[in-house]
Structures are given as structure tokens and as C-alpha cells.
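Trainee: Could you show me how to read aromatic pairs in a protein model?
Mentor: Gladly; let us look at one together.
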Amino acid sequence: GFTGGYSETQLAPDVFRVYFRGNGHTSGERAQDFAMLRAADLCLQHSFTCFAVLDESNSSEAHSFTTAGQAYTTGSAYAYGNTATYSGYTTYTPGQTHTFYKPRAGLMIRGFATKPDGVFTFDAAFLQRSLKQKYKIQ
């Protein structure tokens, strides 16, 4: 939520690009895990038992905002006849700049109906269970 989430594009019958964008409260690890979870979900939806990662990208986008400064003035005024005096003091607190980072993770994957020889693959069902358990997802 709050401008985070995933998207995917099917590039061939067995090839997908999966992209996950986190929000300012998402760790880089979580962004990578959620991209992998979506890859596993896609493979299972398309009757693949496993997948290989063909390409991977991870990045982070910095955002910042600055709060407004605040001024407080206190003082006293004295009047005597036709004369008045004022004594005051102002305190200024400058605004603060807050920076946060939004991680991104991208994967290009190829799904396989059965595990191929000589290619490292992830077991989609195992990975899905493992990541759902880690993040307590039903």
C-alpha cells in the first residue's frame, strides 16, 4: 500500500518480468522476498513447478520532505503616562528534513513444468510456503 506493490509482464509462454516496489517502511530484504513470492505465485498459476531467475535488479529511490520552522515570541509591555516600553524574546526552531528510501526489486524468470538438469531453479510451492510463513501471510 501507499504507492508500493507489484506488477508483472508475461514476455513469453514461460518467461515473466516481476517488479516489486516498496514504500518508505519496506526493507530491501522484504522487497526482494515479495518479488520472489510473486514469481512463485505466477509459476504455480501457470502450472510450472519451478523457476529460474534469468536476471535480477535491486535499487532504492530516496525521497525527502522538510517540516516548517516555528517561531515563538514572548514579551512584556509597560506603560507609564505617554510612554510605553516593550521587552521581548523570540526563539526560532528551524524545520527538519526527513529522508526515506523506497526499495525496488525486479526479476526476470523462466518457469519449468519439471526441474531441468544443469539449471538452478527454485521450487515454486516450497518458496511460496516459506515466504508466506516468514511474513505470516495466509
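Mentor: We will go through the aromatic pairs and then one arginine. This is a predicted model, where local features need pLDDT of at least 70, side-chain atom pairs count only at pLDDT 80 or more, and totals for chains, interfaces and linings use all residues. Residues are numbered from 1 along each chain as its sequence is written, and side-chain values use heavy atoms, leaving out hydrogens and water.

Trainee: How many aromatic pairs does the structure hold?
Mentor: A pair of aromatic rings is described by the distance of the centres and the angle of the planes. Rings of Phe, Tyr and Trp (its six-membered ring) pair if their centres lie within 6.5 Å; planes under 30 degrees apart are stacked, over 60 edge-to-face, and the rest tilted. The structure holds five such pairs. One of them, Phe-20 with Phe-34, is edge-to-face, at 5.5 Å centre to centre and 70° between the planes.

Trainee: Are Phe-20 and Phe-34 buried or exposed?
Mentor: Both Phe-20 and Phe-34 are buried (under 20% relative accessible area; exposed is over 50%, partly exposed in between, with a 1.4 Å probe and protein chains only). Together with Tyr-135 they form one aromatic cluster.

Trainee: Which residues does Arg-38 touch?
Mentor: Contact means heavy atoms within 4.5 Å. Not counting residues up to four places away in sequence, Arg-38 touches Tyr-6, Glu-8, Val-18 and Gln-45. Arg-38 is buried, with a relative accessible area of 11%.
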